Amino acid sequence: MSAEPADQPAVSHSPGSIPQPVAEDSSQNEARIAQRLERRRRFAGELAQWLPAESILSSEEQLRPYESDGLTAFKATPLLVVLPDTIEQVQAVMRWASANAVPVVARGAGTGLSGGALPHEDGILLGLARFNRILELNLELGHARVQPGVRNLAISDAARPHGLYYAPDPSSQIACTIGGNIAENSGGVHCLKYGLTVHNVLSVTVVTIDGDLLTLGGEAQDSAGYDLLALMTGSEGMLAVVVEVCVKLLPVPPEARLVMAAFDSVEAAGDAVGRVIAAGIIPAGLELMDKPAIIAAEAFAKCGYPTDAAALLLCELDGTAEEVVSQIERVSEVFRASSVSSLHIADSEAERLLLWKGRKSAFPAVGRLAPDYYCIDGTIPRRQLSHVLQRMDELSEEYGLPIANVFHAGDGNLHPLIMFDAGKPGELHRTEQLGSQILQLCVEVGGTVTGEHGVGVEKINEMCVQFDSDTLTQFHSVKAAFDPQGLLNPGKAVPTLQRCAEFGAMHIHHGELPFPDLERF
Amino acid sequence: MIHNDDSAALLERVQQAASTATPLNIVAGNSKHWLGNHRALEERADALSMLSHSGIISYEPTELVVSVRTGTPVTELNRVLAEAGQMLPFEPPVLPASTIGGVLACGMAGPARPFAGSARDYVLGTRVINGQGHDLSFGGEVMKNVAGYDVSRLQVGAYGTLGVLLDVSMKVLPRPEAELTLVHAATPHDTPSFARLLRQPLPLSGAMLIADRRYLRLSGSEAAVSAAARELGGDTLPDDESDIWQQVRDHEHEFFKSAEGGKRLWRVSVADHAPALDLPGEWLHDWAGAQRWLQSDASAEDIHRAARAAGGHATRYCAGPPGENALQPLDGVMRRLQSRVRDSFDAQRLFNRGRFHPELDTIEHTQMAREG
């Protein structure tokens, strides 16, 4: 899942982890508020040169809906929200921001799960929701030119009557926008076979912080110079603002079938995944759920999952009718040879969709088992799965918090869902600590702290574990090449070395102490 | 295969070069010595050989990932993958002594590219020495990873100007169960016929046009390939052309050798549906019309102008006269931004100075007054 819809936040409660301003005496506070209101008024006045009044939101009531994205744990109120509807307006806003050194945070539908669209208190939030038109659906050439605020699913909905679709399908696809997908390099359950956003985008047109308009990529298969399209994809709004996107449309596979296989242990299921791939089969989707996730999903969706199983695999095969028949045969053979406890092939399209519904509702399903839940997004080499799950069991016991696991088994992307009760004192804090421990475990076994949700503000500390100071410095240099003043989405995605030193749990590279040049507190 | 981790020595060489501001020409198999603006190569540069940095670091077929040192010969890597029934789906071209580092640095891919994806599509992680002599690791060995900017994919096609590629992790895929080529009579330049085929759910893995023949390659399960072959019809490949895909991929085909006096080989990269370009010479259309090879005596300026007008770019694929730009010139905002990107990795312009886009070797100052 790349991102759940906005109504299914990753953390269903607010831990208030944002550093709060230190307590001030009331006169200082009043002066600060007055200053802030004055700046808001002045900025709104200046922006009114290029934007109609209804495109500038400045009252507290208007700003509140924008104070967080899908990660509601973090909240901040921007000085202003601007909602341009032309590229020229975006350019003007960026030039103004650049000239006045005002931070800019871009936002699509706000479904992201890592706080990537969390506003900056001293900046403006650039909402791209009005860029919601499909500009061109070129059936002959198999591409769609769309504005960044177009919803992911809307592209496939428009193309499907013509036998085409846009492949990346994050779980939030009904709500999330293509611009946000570029920012996060979103995946989906079918990305093992059809790739991530980076594999399915032909070009993006961006506005730089200087207000320049640039198209990266194009209709040719490559471009002169550096591949800035690849760099832009997944850059979390740190490098430029996407104002137009051209995506590749693929022919809808004539046939898709789902095989459901139950196992007595997670190890056996993990082993079966390895065997499917070793047999030379790349399923369209390959999802693994552990027992707590199976029970939760079944209770929620009543889709016919075997609740006595320790692990469940959903394996989708697509292609031409001939291809699918032969692949189902081979996959079933592999599962039988992998001590499967029960094997079922969905015998209708309705059943296939129902079985997927169970998997796709795993988040809200787990959400019914506990007052709150927290979704983690790490990737691990698949061979480490049983070790990671075992270690996670131990951590779960240690922290006294149950965990359910859904796993994009084909590509190693693990989503542990930690169940907790934010009403109990200290439980939220323990949950965050457990989450951080799990991400560090992912790095330890050779994986990464984020497979698809992005770093945002959420995983900024764990980046210090994954990358050494030289690499983080290189990231900052790349950022500076695009945005020398550091105005685009400040404080997100890449931690400062200072922050890493404060976090303490640091990357040890070649046995050396990291950041030897930094003073310690 | 020789397993040799030369990274410590390479790192030391780069650190030394950085401290003395000595430019470095990165060389491995030297199989593409004619590519890029080689004549403009910095004369006083030292060669940095990658050949002693070779071998497969890890390969677990069920994970679909291989990690390899960049001085590893492509043939060697292909052999190891084939033993496990797998492959690099972008079909790296194999010129004599080609290394995987060289293929990635030049961003090359074989006939499967429009169907299977490009070299950068399969790169998951890299270990790179930047111009400050720092040993950096980006991405990783997992397929989904959005931690940090995607600097690994950015390295592909950068001609080594963003750092010395030490190690690379790539996604691999199973080899297809069946493969079959169909040959049809065709009108030269009839690339629009490809566009129609590309929008159908066919298991295509190659589509090219050589003179008056169209070649379509089908790859996939036995069932899918034979069904598609029935649907498309056409002749099967004659025996004397049984290795035609490999020949075109590796530039061993007659077309690439046929340059007569004054003609030079160009790679023109345009949209597959772009109309025929008005340039003199002979054409071979690969990548369903998106990669067009041209043997021509037209000037570099004319070829670059025509390629740009068609929405693409052109690269000279052979040695050329000094001063002629082998790559499509970059200008305006794009040039300034790309130059700053180069700046962020190699501020002193140590690596392959002059080899890539020479216009990126002028150091940009970020606060420089904006042009026009």
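**View 1. Strand β6 of chain B, tucked inside.** In this predicted model, seven of the seven residues of strand β6(B), residues 123-129, are buried, so the strand is largely enclosed by the rest of the structure. One of its partners is strand β8(B), residues 164-171, which runs antiparallel to β6(B) and is joined to it by six bridges. To find your bearings along this pair, look for Val128(B), which sits opposite Leu165(B) in β8(B).

**View 2. Where chain B touches chain A.** The contact draws 71 residues from chain B and 71 residues from chain A. On the chain B side, the elements that each supply at least two residues include α4 (113-116), α5 (119-122), β7 (135-139) and α8 (222-232). Which element gives the most to this side of chain B? That's α12(B), with eight residues. Sorted by class, the side of chain B that touches chain A has 32 nonpolar, 26 polar and 13 charged residues.

**View 3. Two helices of chain A packed together.** Helix α9(A), residues 266-278, packs with helix α14(A), residues 385-399, at an angle of about 155°, and their axes are 9 Å apart. Angles over 145 degrees count as roughly antiparallel, and α9(A) and α14(A) therefore fall into that group. Their crossing is right-handed. Val266(A), Glu267(A) and Gly270(A) make the contact from α9(A), while Leu385(A), Ser386(A) and Leu389(A) make it from α14(A). Split by class, the residues of this contact are three nonpolar, two polar and one charged.

**View 4. A four-stranded open sheet in chain A.** The four strands line up in the order β1-β2-β4-β3 (chain A), and the pairing is mixed. At the edges are β1 (56-57) and β3 (104-107) of chain A, each pairing on one side only. For β3(A), the partner to look at is β4(A), residues 124-127: the two pair in the parallel sense over four bridges. Within that pair, Val104(A) stands opposite Ile124(A) in β4(A). Helix α1(A), residues 26-47, lies across β1 and β2 (80-82) of chain A, running at about 20° to β2(A).

Key. Residues numbered from 1 in each chain as written. Chains lettered and ligands numbered in written order. Predicted model: local features only at pLDDT ≥ 70, side-chain atom pairs only at ≥ 80, totals over all residues. Contact = placed C-beta atoms within 7 Å. Nonpolar A, V, L, I, M, F, W, Y, C, P; charged D, E, K, R; others polar. Buried ≥ 20, exposed ≤ 12 C-beta atoms within 10 Å, placed from the backbone. Pairing = 2+ DSSP bridges. Axes fitted to C-alpha atoms, helices over the stretch in contact; angles between N-to-C directions. Parallel < 35°, antiparallel > 145°, perpendicular 65-115°, else oblique. Left-handed = near helix turned anticlockwise from the far one by under 90°.
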